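Have the sequence and the 3D view ready as you read.

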Amino acid sequence: MVIQDELSLGLGLLEPALLKARFSVERRIHGVEAEDAHADLLVVLGGSLTTPEAEQSVFLTRVRNLLERRLADARPVLGICLGAQLLSLAGGGRIPRNRAGPLLGIAPVVPTAEGRMDSLFRGPLQRLDVVHWHEDVFELPPRSVRLASSRACANEAFRLGNAWGLLFHLQADFEQFNRWLQLAAATGKTGGRTVEEIRSYDLWRLRAVQRRNEQALDRLLGEVVRTLKANELPDGPTPA
């Protein structure tokens, strides 16, 4: 089950990775249903709301409540950008503003010692070059493990049980990022760089690293599948 706050913030590379892992993909645009608590995997994508707006949003309050239920039941979750921030809140963390201001562009994230043991980075991979587009960050919730950092943000990714939170957009492909640059041009929130500069220097980098990002998604979803199989009973999945 994929929860999207906005149509423009879609699945990108994540959709073929989900299908490859043999998930069926269902979407809810700005909506949450009770049965989402029992989905094999819940994916919560990003959105344009900042922290004060998110705290006042009825929809995002429902998403946060859903994430709290998923964490309590140890059911797999992948939160991306705003989804990761809500996952942090659900786990007892906070969402502060990024002191460096808005961040937009391609930049590397580097795994921590714990991150190198996680499926996201496991193997010879020493970093991921990924899309960043955010104003807020997240604090690590209690009992979580920091998986990655960057020069701009100490907390780029965490794992809390069977839930992963990614501040960066690992799912963003060339076409999606190009659309986001058009949206950013309209808002003027480009992290101190011009859209033309980002398009000239960052878009080609994303095309060059796309295969590596696809492999990272495959590894993460493989871990989810292994977790689901480990929790299966002969007559079906473990009940909540």
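This is a predicted model: local features need pLDDT of at least 70, side-chain atom pairs count only at pLDDT 80 or more; totals for chains, interfaces and linings use all residues.

Residues are numbered from 1 along each chain as its sequence is written, and side-chain values use heavy atoms, leaving out hydrogens and water.

A pair of aromatic rings is described by the distance of the centres and the angle of the planes. Rings of Phe, Tyr and Trp (its six-membered ring) pair if their centres lie within 6.5 Å; planes under 30 degrees apart count as stacked, over 60 as edge-to-face and the rest as tilted. How many aromatic pairs does a search of the whole structure find? It finds 2:

| Pair | Centre to centre | Angle of planes | Type |
|---|---|---|---|
| Trp-133 and Trp-180 | 5.4 Å | 40 degrees | tilted |
| Phe-138 and Phe-158 | 5.1 Å | 80 degrees | edge-to-face |

Trp-133 lies in strand S6 and Trp-180 in helix H5, so their pair ties together parts 47 residues apart in sequence. (Helices, H or I with at least four residues, and strands, E with at least two, are DSSP runs numbered from the N terminus.) Trp-180 is buried, with a relative accessible area of 0%, while Trp-133 is partly exposed at 22%. Buried means under 20% relative accessible area, exposed over 50%, and partly exposed in between (1.4 Å probe, protein chains only). Both Phe-138 and Phe-158 are buried.

The charged end of Arg-207 sits over the ring of Phe-174, 3.7 Å from its centre; this requires NZ of Lys or CZ of Arg within 6 Å of the ring centre and within 35 degrees of the ring normal.
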